[in-house]
Amino acid sequence: MAELLKISDLHVAFPTDDGLVRAVDGVSLTLNEGETVAIVGESGSGKTVSGLSVMGLHKKGAAQLSGSIVLKDGDRNIDIVTATDEEIRLLRGRAVAMIFQDPMSSLHPYYRVGNQLAEGYLVHNPGKKKEARQRAIEMLDLVGISEPAQRADEYPHQFSGGMRQRVMIAMALMNSPRILIADEPTTALDVTVQAQILILLASLQKEFNMGILLITHDLGVVAQVADRVSVMYGGRIVEQGSADDVFYKPKAPYTLGLLKSVPRISTHGSDRLKAIPGQPPSLINLPTGCAFAPRCEFASHAAGDICATNRPELLGTNPNHLSRCHVDEAVRDKLFVKELKEVRS
């Protein structure tokens, strides 16, 4: 599989009156064609900021970016961090596209759906209005909207939530991008519609051989569609590996905490949901050592006070499954056994 995207040591910070918000702190990941890579974590962990960085949507005067985001565009490799605004504009929508979180706020209420779809096509194909109109109808049909020619002349308020999400997918695919960033694509949709959207994305991925960067907090969605997973906390990746490894052999205490907090069918109907204690850290004032240490039930198994004083590196005995923790990996494996049994009971 060809590599479509390589993010290396990405840092994104936003100056504020209260201090520097370090939203993304040293993130590295890759995405190949035909592959789905999920970024998972609580709200405020840096997931969406990472996705917006790939799209080049941070204002350079308002955000401080460093590291590299190398995107493959045909035979060229372009670094989004150092590219000019014009270079990024020519890439956006054609080489890389994004499905945003809220389809209702992303679609303009005063313009017909077909015109909004055609606009994205015309950016890269100026003057071809008839082609743009036809492409819009084709894409509405492709994402499963019946009577697409008629619906193209309707307004967003005439579409249900699930149909608006399909419109957003059609909009992202108007120029057949190689990379699709899906930011919480199933949020606020009922379970049946969620399943339909995920099946649709999988079929479109196969048809276009896209790489999908899936941003979500829903571990159920991740388990269903992801090939590899990066778990984020406090702007940093705390675990990275295949979906099977992350779900069945988690190495980071934070990942285990997320798995334990997922509602599940259980014979013990009176059992309370096990939430991670405490609150995520402030991105303005992150702890000196491990950002998760104040909430971690396993910190006492590390040597001395290293969790409070030293930032753990992303390491692992398996080079394809890395985690960020000061507790010895063999000790973690033993400690996690009982916890994982409860998760799967």
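Good morning. I begin with E297, which counts as partly exposed at 48% relative accessibility; buried means under 20% relative accessible area, exposed over 50%, and partly exposed in between, with a 1.4 Å probe and protein chains only.

This is a predicted model, in which local features need pLDDT of at least 70 and side-chain atom pairs count only at pLDDT 80 or more, while totals for chains, interfaces and linings use all residues. Residues are numbered from 1 along each chain as its sequence is written, and side-chain values use heavy atoms, with hydrogens and water left out.

E297 forms a salt bridge with K260, and their closest N and O atoms are 3.0 Å apart. By salt bridge I mean a side-chain nitrogen of Lys or Arg within 4 Å of a carboxyl oxygen of Asp or Glu. This pair links distant parts of the chain, 37 residues apart: E297 is in the loop between α11 (253–260) and α12, and K260 is in helix α11. Helices (H or I, at least four residues) and strands (E, at least two) are DSSP runs, numbered from the N terminus. K260 is buried, with a relative accessible area of 11%.

A search of the whole structure finds 14 salt bridges. Which residues do shared partners join into one network? They are D25, R236 and R311. R236 pairs with D25, the closest N and O atoms lying 3.0 Å apart. R236 lies in strand β10 (residues 236–242) and D25 in strand β2, so this contact ties together parts that are 211 residues apart in sequence. R236 is buried at 8% relative accessible area, and D25 is likewise buried, at 8% relative accessibility. D25 also meets R311 in a salt bridge of 3.4 Å, N to O. R311 sits in the loop between α12 (306–309) and β11 (314–318), so its pairing with D25 in β2 ties together parts 286 residues apart in sequence. R311 is partly exposed, with a relative accessible area of 32%.

I turn now to the sheet that contains β2. Four strands form an open sheet in the order β2-β1-β4-β5, with antiparallel pairing; two strands pair if DSSP finds at least two bridges between them. β2 (19–32) and β5 (76–79) stand at the edges with a single partner strand each, so one side of each lacks a neighbour in the sheet. Strand β1 (residues 3–16) is joined to the antiparallel strand β4 (residues 64–73) by seven bridges. The bridge partner of A13 in β4 is Q64.

Thank you.
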